[in-house]
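Have a look at the sequence and the fold first, then skim the points below.

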Amino acid sequence: MSFIRFALKNLFAHKTRTILTMGSMTVAVAVLFTLVSFNRGYEKALKTQLQGMGIHMMVVPVGCPYEAASLILKGGKIPNYLPADVLDQVNAIPGIDVAAPAFMSGIVRPDEGRTDIFVGVDSATLRLKNWWKIDGRFPEKPNEVVLGSDVALIEQSHVGDQIYVPEKDATFDIVGVLEPTGNEDDGMFYIPLQTAQKLFTDTTIATAAGSVTDKLTGISIRLKDPDDAPVISAQLGKIRGAEVITMGELLGTMMTLMGAAKSLLLSIVLIIIVISALGVLNTVLMSVFERTKEIGVMRATGAAQAHIFGLIWLETLMLSLLGGLGGLGLALVGARLLESLVKKFLPLAPRGSVVALEPGSFILIVAFVIGIAVVAGFYPALRAARAKPIEALRSE
Amino acid sequence: MTNDEFRMTNGRRLLEARDLWRSYHRGSETIHALAGLNLTLAPGEIVSIVGRSGSGKTTLLNQIGCLDRPSKGSLKIAGTEVTGLKEQELAGIRRDHIGFIFQLFYLIPTLTVEENIRLPLIFARKHDEQRVSELIERIGLSKSRRALPKQLDGGDMQRVAIARALVNRPKILLADEPTGRLEKKSRGAVLGIFRELAQDGLGVIMATHDPELARDAHRKLELSDGRVVSEEDYTQDNKQQKEQM
């Protein structure tokens with residue numbers, strides 16, 4: 001019989017109490033592990049997605065950087081437009097490789113639980129996203145559309161089919177389907193820029209700002225040399241009515257937005273963990289009180305103070321570790337479920353998995369649990385070790 | 001063999017207590033549980049301690065077992081003066097030299113018979129399965145080695161407690177009312193074990209209310225108010241009895 005086996009036997013002498021205490025640790029660790037994994041996964045997914053877009057910066061209408069961020073990731077509607085001559089001003093700045101104008105708008109279909117995003121593009125988009133592979137061809141005529149791969153799946157449509165957009169009373173010929181890109185491009189309808197401007201421009205905003213048909217919601221820019229980003233960003237920032245967002249800023253903005261929610265969640269998890277640690281301390285302390293005579297017998301049969309301290313500490317460690325490992329297991333099983341729930345409430349959720357179950361997080365949490373056990377077990381272990389053998393033997 | 005012969009034969013003492021005091025304070029009153037007690041123990045000697053409740057029997061065993069510290073006096077165990085030792089050193093003395101048997105057995109309820117016996121080896125960081133098996137066989141519990149204490153009767157539990165006290169090969173065995181909770185048959189068996197152990201050179205000190213058990217020792221000390229008030233040597237009597245038998 002080893003010390004570990006002895007400690008295990010002591011732990012499971014009161015099964016219900018031990019299992020309940022372990023359960024509280026399991027829940028706390030499961031939530032913590034999921035949160036840590038989510039935080040890492042979200043940042044990673046966001047970076048991957050932004051890098052995968054091949055865009056170094058965006059020019060958007062003044063006053064709506066967050067909406068622009070949302071547009072970049074998920075698509076949507078921008079409550080403002082860029083002035084007509086911005087594209088020419090952008091193209092005049094040296095160092096810009098491609099400047100692709102876009103007019104983006106969405107049609108909300110609550111009954112189907114989705115929003116169809118229509119993006120008006122021109123040939124510059126093809127140059128910007130030069131990795132695109134289209135089964136068919138790029139739209140040229142006003143009533144032609146290319147579907148993202150997910151859209152084609154949902155609509156069950158192929159090249160040569162037609163789709164009707166009842167909200168705009170418009171029919172489009174499908175001339176191409178985009179091969180899967182793994183990012184948000186898969187979920188959009190691509191139509192000619194001018195068609196989008198005609199169909200989707202909000203006349204109330206456009207009238208206030210000038211003509212109806214030459215508005216843009218954003219210009220995606222790729223630089224010849226990404227190191228020029230600060231200089232070019234400064235030049236673009238001087239254009240009236242336009243605001244520049246670099247991808248680095250966008251990532252920072254989104255992580256800041258996430259930060260507040262993350263802090264709140266972390267605070268809740270920390271409270272759960274403190275409660276759980278107190279539960280562990282209480283369980284071990286009760287066990288020490290109940291076994292005072294036993295501890296006296298152990299001292300009489302040769303146990304030093306260090307043996308008793310080690311035994312009680314080992315019990316705490318095992319209780320916490322078993323609960324913690326249970327929590328990690330629970331998190332591994334339940335992470336995907338939790339991810340789908342979390343994604344529903346996240347306004348800026350990137351595509352793909354936002355939960356990164358990494359070995360680093362695993363080690364971090366195990367170390368954290370050991371830390372809790374070390375702290376929670378210290379007092380009961382010290383108390384048990386300090387008990388005088390004769391007093392421990394006399395206890396009832 | 002007389003008491004003096006024991007000491008002479010072995011030439012060394014397992015235990016030597018000189019002018020041992022243990023005093024407690026209750027308010028302004030000072031109570032002397034031990035009041036200048038002297039005691040020696042030789043290898044192979046069985047000493048019984050008798051006296052009414054509160055006479056100091058258990059206090060004396062606790063001092064010798066290094067479970068408590070004397071207020072005054074000298075206590076040598078296996079040649080080591082233990083009164084000034086640190087707690088860690090006292091644990092070492094208990095582990096290496098002392099075996100303790102309690103009236104209520106005090107077995108660990110979650111451990112099996114063999115695990116209870118093995119427990120002191122864990123604290124001594126020793127692995128001696130042969131010793132554990134040998135003791136289980138000696139106490140006649142081979143068939144119950146995986147039984148829990150609650151599955152045993154009082155006599156068997158005391159045998160396990162004796163085996164646990166012996167597993168580390170102590171030099172002194174201390175027994176506090178070892179037969180107090182046992183039937184007559186079991187009492188005889190426990191005494192038989194003590195005699196066998198004494199023949200192997202173990203020194204045994206037992207506190208008891210049982211006059212028969214006390215008389216079966218080599219020497220009987222009677223305590224009153226923490227002092228030895230009478231001492232009887234049965235060595236010759238026992239020898240003669242055995243010869244007559």
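Predicted model: local features only at pLDDT ≥ 70, side-chain atom pairs only at ≥ 80, totals over all residues.

**Confidence and layout**

**Where the chains meet**

- On the chain A side, 19 residues are in contact with 23 residues of chain B.
- Four helices of chain A each put at least two residues into that side: α1 (3-11), α11 (292-300), α12 (305-345) and α14 (389-394).
- By residue type, the chain A side splits into eleven nonpolar, five polar and three charged.

**The nonpolar core**

- The largest nonpolar core has 172 residues, and those touching the most other members include A:Val59, A:Phe189 and B:Leu174.
- Helix α2 (residues 15-52) of chain A is the top contributor to this core, with 13 residues.
- Domain 1 (3-48 + 254-394) and domain 2 (63-240) of chain A each give this core at least three residues.
- Beyond its neighbours within four places in sequence, A:Val59 is in contact with a set of residues including A:Leu82, A:Val86, A:Ile219, A:Ile221 and A:Val244.

- A:Arg5 sits in helix α1 of chain A.
- A:Arg5 counts as exposed because it has 12 other C-beta atoms within 10 Å.
- A:Arg5 and A:Glu315 are 310 residues apart in sequence, yet their C-alpha atoms are 10.0 Å apart in space.

Terms used. Residues numbered from 1 in each chain as written. Chains lettered and ligands numbered in written order. Contact = placed C-beta atoms within 7 Å. Nonpolar A, V, L, I, M, F, W, Y, C, P; charged D, E, K, R; others polar. Buried ≥ 20, exposed ≤ 12 C-beta atoms within 10 Å, placed from the backbone. Core = buried A, V, L, I, M, F, W, Y, C linked by C-beta atoms within 7 Å. Domains from an automatic or database assignment.
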